Amino acid sequence: LLPLSRRIASGQAEPPPADWAEAFGRPAPLEVDLGSGRGAYALERARREPGLNVLALEARHKWVQLIRRLAERDRLGNIRALACDIQQDLGALLAPGSVQGFTILHPDPWWKKRHHKRRLVRPSMVALLGDLLAPGGFVFLQTDVPQLADEAAEAFGAARSLEPMDPEAWFVERLGGVLSHRGQRCRKLGIPVRRLAYRKRPGARP
Ligand SMILES: C[S@@+](CC[C@H](N)C(=O)[O-])C[C@H]1O[C@@H](n2cnc3c(N)ncnc32)[C@H](O)[C@@H]1O
């Protein structure tokens, strides 16, 4: 893929807003859902927490358009959806220290060995998330792929700016137990899931 600036110039990507608070029409804590799919989680999160700005980032345009349509239908003013390649574009979309929380719900497993580099949670991505988080901000991940959970736990565990938290308590108490589309399917089919939660150490630099 070309860098975001080149894709914008050639009309293949939308330009991101220069200032998210302005794009939302107000400053508010920003939560970013990475790989939102059809947006079940992000939409419900925005509905339940009107005091948050919720940003859904998703590669597939059709899901981004669906999220926008549903937000408009339900008059949710506190959610925005943007089509992008998170791997490549995330650092250009958000300012360091500007994000209150990231959710990564059922990231694609990319089973084939030659595709492992496309997996979202790799040490370089963990370092970037750490930079983008505000002090005290969180990262929450859920997956039904044990190998991905192990890999992510290793990558997050190695990040000095992040400290682990109790993921089940975080899921229930802070995220209200809201499930993504895949999360709902796992629950329905009895497929076990693993959760991870980390917080940016309050003293860590933005
Ligand atoms: C398995 S689905 C999970 C969707 C949703 N989070 C859920 O739990 O139902 C993974 C999603 O991540 C998106 N995705 C994967 N890699 C991405 C990337 N590099 N940038 C943006 N979106 C990506 C895919 O298009 C897909 O919608």
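This report walks through the pockets, cavities and aromatic contacts of a predicted model.

## The largest pocket

Let's start with the open space. The largest pocket holds about 850 Å³. Its lining is made up of 30 residues, and those closest to the pocket centre are Gly-35, Glu-58, His-106, Pro-107 and Asp-108.

Several secondary-structure elements contribute to this lining. Strand β1 (30–34) supplies at least two residues, as do the helices α3 (40–48), α5 (86–93) and α9 (181–189).

## The enclosed cavity

Searching the whole structure turns up one cavity of 30 Å³ or more, and the largest cavity has a volume of about 50 Å³. Pro-107, listed among the residues closest to the centre of the largest pocket, also lines the largest cavity. Other residues in the cavity lining include Arg-119, Leu-120, Val-121, Leu-141, Thr-143 and Glu-151.

Both β5 (133–143) and α7 (146–157) give at least two residues to the cavity lining. The largest share belongs to α7, with four residues. By class, the cavity lining has seven nonpolar residues, two charged and one polar.

## Aromatic pairs

A pair of aromatic rings is described by how far apart the centres are and by the angle of the planes. This model has four aromatic pairs. One of them joins Trp-20 and Phe-24 in a tilted arrangement, with 6.2 Å centre to centre and 50 degrees between the planes. These two residues are four apart in helix α2 (residues 20–24), so about one helical turn separates them. Trp-20 and Phe-24 are both buried.

Another pair, Phe-140 with Phe-171, is stacked: the centres are 6.0 Å apart and the planes are at 10 degrees. Because Phe-140 sits in strand β5 and Phe-171 in helix α8 (residues 167–174), this pair ties together parts that are 31 residues apart in sequence.

## Charges over rings

Elsewhere, Arg-118 lies over the face of Trp-110, at 4.8 Å from the ring centre.

Notes. Residues are numbered from 1 along each chain as its sequence is written. This is a predicted model: local features need pLDDT of at least 70, side-chain atom pairs count only at pLDDT 80 or more; totals for chains, interfaces and linings use all residues. Side-chain values use heavy atoms; hydrogens and water are left out. On a 1 Å grid over the protein atoms alone, a cavity is a set of points where a 1.4 Å probe fits but cannot get out, and a pocket is an open set with protein on both sides within 12 Å along at least five of seven lines; lining residues have an atom within 4 Å of a point. Grid points are joined across faces, edges and corners, and a volume is the space filled by probe spheres set on the points. Ala, Val, Leu, Ile, Met, Phe, Trp, Tyr, Cys and Pro count as nonpolar, Asp, Glu, Lys and Arg as charged, and the others, Gly among them, as polar. Rings of Phe, Tyr and Trp (its six-membered ring) pair if their centres lie within 6.5 Å; planes under 30 degrees apart count as stacked, over 60 as edge-to-face and the rest as tilted. Buried means under 20% relative accessible area, exposed over 50%, partly exposed in between (1.4 Å probe, protein chains only). A charge sits over a ring if NZ of Lys or CZ of Arg is within 6 Å of the ring centre and within 35 degrees of the ring normal.
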